[in-house]
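Please look over the model shown here. A short report on its secondary structure and sheet follows.

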Amino acid sequence: MSFKILVVDDDIDVLESRKIVLEHNNYDVETATNIVVAEEILNKEKIDLILLDVMMEKDSDGFVFAQNVKSNEKFKDIPIILATAVNQRTKFRFDIEEDGDFLPVEKFMEKPIDPDDLIVTIRGLLK
Amino acid sequence: MVEINKMTNEDQKALAIMAHDLKAPLSAVIDLLDVINKGYVADVVKIKDLVGRATQKAETLIVMLDDILDYTLLANRTLLKLEILNILEILKESFSMMQPYADDRGISVRFKRELTGELNVEGNYTFLLRVFNNILMNAVKYNKENGEIAVDFSEDTQKNTVAVTISDTGIGIPDEDMDKVFRIFERGRNARRNINGSLGLGLSLVKQIIEDHKGEIDVASTVGVGTTIVVTLPLIRKKEEQNEL
């Protein structure tokens with residue numbers, strides 16, 4: 001059985017490109033353009049990994065959703081990749097070493113995300 | 001321009017937000033093209049669709065960059081070419097540019113009176129057109145589906161001004177956000193991020209332009225009911241009227 005990945009991003013073009021790359025690699029894909037829909041999918045489907053944008057309708061939507069997932073006993077073991085367009089060289093960067101406690105996610109990736117790197121990262125998390 | 005080492009925290013924050021808002025759609029363009037480039041899709045129809053999406057996204061970036069260019073141009077007012085302009089002609093032009101977007105969302109535009117006659121102001125054509133484009137586009141973007149936009153104008157002969165009123169039946173602006181609507185990079189809490197490629201420069205640009213034309217702009221809004229914007233500009237008397245004096 002293939003793994004099911006939930007991709008959350010308010011940009012439908014980003015969703016489309018991620019879907020193509022993930023399906024090409026035989027993952028099942030669910031997409032959501034906001035965290036309300038994402039939450040509905042999470043409650044309905046068995047999700048194995050979440051690829052999550054940070055800034056959606058509100059700047060903090062991605063953080064809020066990540067916190068909700070990780071504080072829920074039922075979902076806390078689902079790995080999350082947080083995708084952000086925030087420049088890693090600025091002080092606004094996110095780093096798993098520094099921000100891991102504050103943001104309990106498994107991986108940060110800076111947009112644009114190389115599709116090959118994404119697949120390598122997902123394979124690492126879904127071992 | 002501000003020297004980098006003299007930038008305030010506000011300036012730095014504004015720059016960081018701008019960089020983020022430009023980087024997000026640019027990243028999406030790269031994502032779309034990468035999918036093709038790295039061989040994830042072979043179907044020609046699908047490739048065409050992805051290239052079309054990338055082109056559209058790149059066009060939203062152009063809109064954002066135009067906003068930044070206009071903003072910097074406004075900072076140097078000597079570059080503005082001033083001429084005598086009929087404000088009603090500018091309104092007409094702006095309306096014709098906005099109409100396809102309104103039609104797309106089933107929004108009707110009602111002119112309370114016909115845009116005929118001559119109400120002349122001294123100003124810069126491109127920037128005054130930008131004022132009404134921004135206001136009308138906001139009235140479309142933040143309206144409800146099948147909503148309405150009402151446009152009206154009135155002349156105050158005593159003050160020698162013209163007031164253009166544009167009302168929408170949209171989401172409205174919460175009271176607590178009213179003081180922010182004209183600030184650079186601010187969008188009301190009700191306004192979705194990045195809708196149609198916006199940097200949040202729109203209304204701050206509008207206010208700056210109106211003030212540069214010695215005019216005023218007022219906003220009244222009720223959440224869930226709509227927003228009314230009134231632009232008031234000083235009129236220039238026609239030659240024959242001036243001769244009569």
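Along the sequence, chain A reads β-α-β-α-β-α-β-α-β-α. That chain holds five helices and five strands. Helices (H or I, at least four residues) and strands (E, at least two) are DSSP runs, numbered from the N terminus.

The model is predicted: local features need pLDDT of at least 70, side-chain atom pairs count only at pLDDT 80 or more, and totals for chains, interfaces and linings use all residues. Residues are numbered from 1 along each chain as its sequence is written, while chains are lettered from A and ligands numbered from 1 in the order in which they are written.

In chain A, 37% of the 127 residues are buried (20 or more other C-beta atoms within 10 Å of the residue's own, placed from the backbone). Take the contacts in chain A (C-beta atoms, placed from the backbone, within 7 Å) between residues at least 6 apart in sequence: 61% join residues at least 24 apart.

Chain B has an open five-stranded sheet, ordered β2-β4-β5-β7-β6, with mixed pairing (at least two DSSP bridges between two strands). Its edges are β2 (108-111) and β6 (216-222); each has a single partner strand, so one side of each lacks a neighbour in the sheet. Strands β4 (148-156) and β5 (161-168) of chain B run antiparallel, joined by eight bridges. E155(B) has V162(B) in β5(B) as its bridge partner.

How values were computed: A residue is buried if 20 or more other C-beta atoms lie within 10 Å of its own, exposed if 12 or fewer, and partly exposed in between; C-beta atoms are placed from the backbone. Two residues are in contact if their C-beta atoms, placed from the backbone, lie within 7 Å.
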